[in-house]
Number of protein chains: 2
Amino acid sequence: MSMDDVFRALADPTRRQLLDKLHAKNGQTLNALCAEMDMTRQAVTKHLAILEEANLVTTLRKGREKQHYLNPVPINEIAERWIGKFERHRLDALSDLKKRLERED
Amino acid sequence: MSMDDVFRALADPTRRQLLDKLHAKNGQTLNALCAEMDMTRQAVTKHLAILEEANLVTTLRKGREKQHYLNPVPINEIAERWIGKFERHRLDALSDLKKRLERED
DNA sequence: TTAATATGCAACCATTTGGTTGCATGTCAA
DNA sequence: TTGACATGCAACCAAATGGTTGCATATTAA
C-alpha cells in the first residue's frame with residue numbers, strides 16, 4: 001500500500017474505468033463490475049487486486065459475493081505532493097472557469 | 001497530451017523523482033537533472049520525453065541547453081476526477097491533522 | 001578552427017504487464 | 001444433496017516498458 005502502488009494502479013485505463021464505476025455506484029460486486037467490460041472476468045479480477053493492493057479499493061465479503069468500495073484518500077495525497085495549498089485553490093478556480101465556459105457552448 | 005498520458009507518465013518512480021527535482025528547483029537542464037540519477041543520460045532523456053508528452057513538463061531551448069519546467073495543472077485534474085470539492089476539503093483537513101501529529105513525535 | 005560540452009536518435013535486450021484459458025473452491029437455492 | 005452461480009488460482013503468451021550502447025549533431029569557448 002505504498003504511494004508507488006497507487007501510481008502504478010492508476011496508470012491503466014481499465015483500472016481507472018473501474019474506479020469510475022465505483023465512484024458512480026459504490027459497493028459493486030465483481031460480476032457487476034465485469035458488465036460491459038470488454039475482457040474476461042479473470043482479467044478484471046487482476047485489475048481489482050492491483051487497486052486493492054494500492055488501497056484505492058476496499059472489499060467486503062458478503063457470502064459468496066465480494067463488494068468493492070472506492071477509497072479516495074490516496075488520490076488526494078497525490079495532489080498534495082506537487083501542488084501547494086494556495087496554488088491548488090488557484091488551479092481550482094481556473095478549472096471552475098473552464099467548466100463554466102464549456103457549459104456555455 | 002491526453003489524461004491517459006498523464007497517468008502513464010506518473011506511474012514510474014524515476015519520472016516522479018524528476019518532477020520532485022523540478023518542484024524543488026524549476027528550469028533545470030538535462031545534465032543537471034541527470035546528477036545523482038543512477039542511470040544513463042539517455043534513459044533520463046526518455047523519461048523527460050514522456051513527461052513532456054503528458055504536458056507535465058514544458059521545455060525551453062537556451063542555446064545548446066534545454067531548460068525543463070514543471071506544469072502542475074494536469075495533476076490537479078486527477079484529484080478533481082474522483083474527489084468532490086467538499087470531500088476534498090475534508091480530506092485536506094484530515095491530512096493536515098496527520099501532519100501536525102507527525103510533527104509532535 | 002577546433003575541442004569540449006549538451007543534447008538527439010536508433011537499435012537492441014531483459015523484464016514487466018495485461019490479457020488469455022483451464023480448472024478449483026465455496027456458497028446459495030431448489 | 002445437487003446444480004447453478006460467484007469467485008479464486010495458476011500457467012501461459014504477446015506486447016509494452018525501462019534500460020543499455022554506439023554514434024550523430026549542434027553550440028560554446030579557447
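The structure is a predicted model. The surface near DNA strand C comprises 22 residues, and 22 residues likewise surround DNA strand D. Over all chains, the structure holds 4 salt bridges and 0 disulfides.

- Sugar or phosphate accounts for 66% of the atoms of DNA strand C that lie within 4 Å of the protein, and bases account for the rest.
- Thr40(A) places a polar side-chain atom 2.5 Å from a phosphate oxygen of DNA strand C.
- A base of DNA strand C is approached by Arg64(A), whose side chain has a polar atom 3.4 Å from a base oxygen.
- Two or more residues of this surface are given by each of several elements: in chain A, helix H2 (13-24) and helix H4 (41-53); in chain B, helix H3 (30-34), helix H4 (41-53) and strand E3 (65-70).
- H4(A) provides the largest share of the surface near DNA strand C, with 4 residues.
- By residue type, the surface near DNA strand C consists of 11 charged, 8 polar and 3 nonpolar residues.

**Surroundings of DNA strand D**

- For DNA strand D, the closest of the 22 surrounding residues are Thr40(B), Lys46(B) and His47(B) from chain B, along with Thr29(A) and Asn31(A) from chain A.
- Of the atoms of DNA strand D within 4 Å of the protein, 63% are part of sugar or phosphate, while the rest are part of bases.
- The side chain of Thr40(B) has an N or O atom 2.6 Å from a phosphate oxygen of DNA strand D.
- Arg64(B) has a side-chain N or O atom 3.2 Å from a base oxygen of DNA strand D.
- The elements giving two or more residues to this surface are helix H3 (30-34), H4 and strand E3 (65-70) in chain A, and helix H2 (13-24) and H4 in chain B.
- The most residues near DNA strand D, 4 in number, come from H4(B).
- The surface near DNA strand D divides into 11 charged, 8 polar and 3 nonpolar residues.

**Salt bridges between the chains**

- Asp4(A) and Arg16(B) form a salt bridge through their side chains, with an N to O distance of 2.9 Å.
- This pair crosses between chains, since Asp4(A) belongs to helix H1 (residues 3-10) of chain A and Arg16(B) to helix H2 of chain B.
- Asp4(A) is partly exposed at 31% relative accessibility, whereas Arg16(B) is buried at 4%.
- Asp4(B) and Arg16(A) form a salt bridge as well, and their closest N and O atoms are 2.9 Å apart.
- Because Asp4(B) lies in helix H1 (residues 3-10) of chain B and Arg16(A) in helix H2 of chain A, this pair joins two chains.
- Asp4(B) has a relative accessible area of 32% and is therefore partly exposed, while Arg16(A) is buried at 3% relative accessibility.

**A salt bridge within chain A**

- Glu52(A) and Lys66(A) meet in a salt bridge with an N to O distance of 3.8 Å.
- Glu52(A) is in helix H4 and Lys66(A) in strand E3 of chain A, so this pair ties together parts that are 14 residues apart in sequence.
- Both partners are partly exposed: Glu52(A) has 31% relative accessibility and Lys66(A) has 32%.

**Cysteines**

- A disulfide is a covalent bond that links the sulfur atoms of two cysteines.
- The count of disulfides over all chains is 0.
- Cys34(A) is buried, with a relative accessible area of 14%, and Cys34(B) is buried at 14% relative accessibility.

Notes: Residues numbered from 1 in each chain as written. Chains lettered and ligands numbered in written order. Predicted model: local features only at pLDDT ≥ 70, side-chain atom pairs only at ≥ 80, totals over all residues. Heavy atoms only, no water. Near = heavy atom within 4 Å. Polar contact = N/O pair within 3.5 Å; in protein donor to acceptor, adjacent residues only side chain to side chain. Nonpolar A, V, L, I, M, F, W, Y, C, P; charged D, E, K, R; others polar. Buried < 20%, exposed > 50% of the residue type's maximum accessible area, 1.4 Å probe, protein only. Disulfide = S-S within 2.5 Å.
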